[in-house]
Amino acid sequence: MNFLEERIVKDGVVKEGNILKVDSFLNHQMDINLFDQMGEEFKRRFADKPINKIVTIEASGIGIACIVARHFGVPVVFAKKTQSVNIDGEVYVAEVESFTHKCKNQVIVSKKFLGPDDHVLVIDDFLANGCALQGLISIVAQAGGTVEGIGIAVEKGFQQGGRIIRNLGYQLESLAIVEGMDAETGEVHFREQ
Ligand code: 5GP
């Protein structure tokens, strides 16, 4: 097991409905030393890529993205969620369905902060069905930029997102891939990587 898998086993909580709660270290209370290790690992896995920007989605991707960005020495842009469709032409827009909140959001990024010269590493905390990632990929595409890679903390390997994104040809690196979990025993099984 790697450092993140060990932490999930130690502090993650399996909830009904295939939800893994990691809010004591990943997406509510945040363990910055852990994020730092994640940044180091993503830097190693994407060492050959000319990354000049990190893109994530609010809210829980932001903390991880910021610490990862220190390892790449690049800025972070986060897509903002908005309910109102007040598109003034100054923003890129994508529709994202939330797995945890079961609702649809538009996410937007200002055209000022993403363009054709950008070589982007997309970072997020979770990958489930891949909706959030597809929204972010669409926004980078609208900007004429390049997605150089995608770094995820926890992928739920039994949901379709990982397969869809890898089939699209992206280098997708997930630090922990959960193959299954049991809400009764609290057990979590990981894919061998
Ligand atoms: P997707 O768009 O890939 O279906 O879901 C990704 C988003 O849903 C992530 O940004 C994350 O916030 C949330 N999410 C999906 N599954 C889980 C889960 O098991 N636990 C937590 N905490 N968040 C999840």
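I began with F113, which sits in the loop between β6 (104-110) and β7; helices (H or I, at least four residues) and strands (E, at least two) are DSSP runs, numbered from the N terminus. The model is predicted, so local features need pLDDT of at least 70 and side-chain atom pairs count only at pLDDT 80 or more, while totals for chains, interfaces and linings use all residues. Residues are numbered from 1 along each chain as its sequence is written, and side-chain values use heavy atoms, with hydrogens and water left out.

**F113**

I looked up the cover of F113: its relative accessible area is 45%, hence partly exposed (buried is under 20%, exposed over 50%, partly exposed in between; 1.4 Å probe, protein chains only). Not counting residues up to four places away in sequence, F113 touches K53, V77 and D118 (contact means heavy atoms within 4.5 Å). From F113 to V91 I noted 9.5 Å, C-alpha to C-alpha, at a separation of 22 residues in sequence.

**Ligand**

I then turned to the shell around the ligand, where β7 gives the most, with 4 residues. β2 (19-21), β7 (119-127) and α4 (131-142) each supply at least two residues.

For polar contacts (N or O atoms within 3.5 Å) I noted three distances. A backbone N or O atom of L20 is 2.9 Å from a ligand nitrogen atom. A side-chain N or O atom of D125 lies 3.4 Å from a ligand oxygen atom. A polar backbone atom of A128 is 2.8 Å from an oxygen atom of the ligand.

Methods. Polar contact = N/O pair within 3.5 Å; in protein donor to acceptor, adjacent residues only side chain to side chain.
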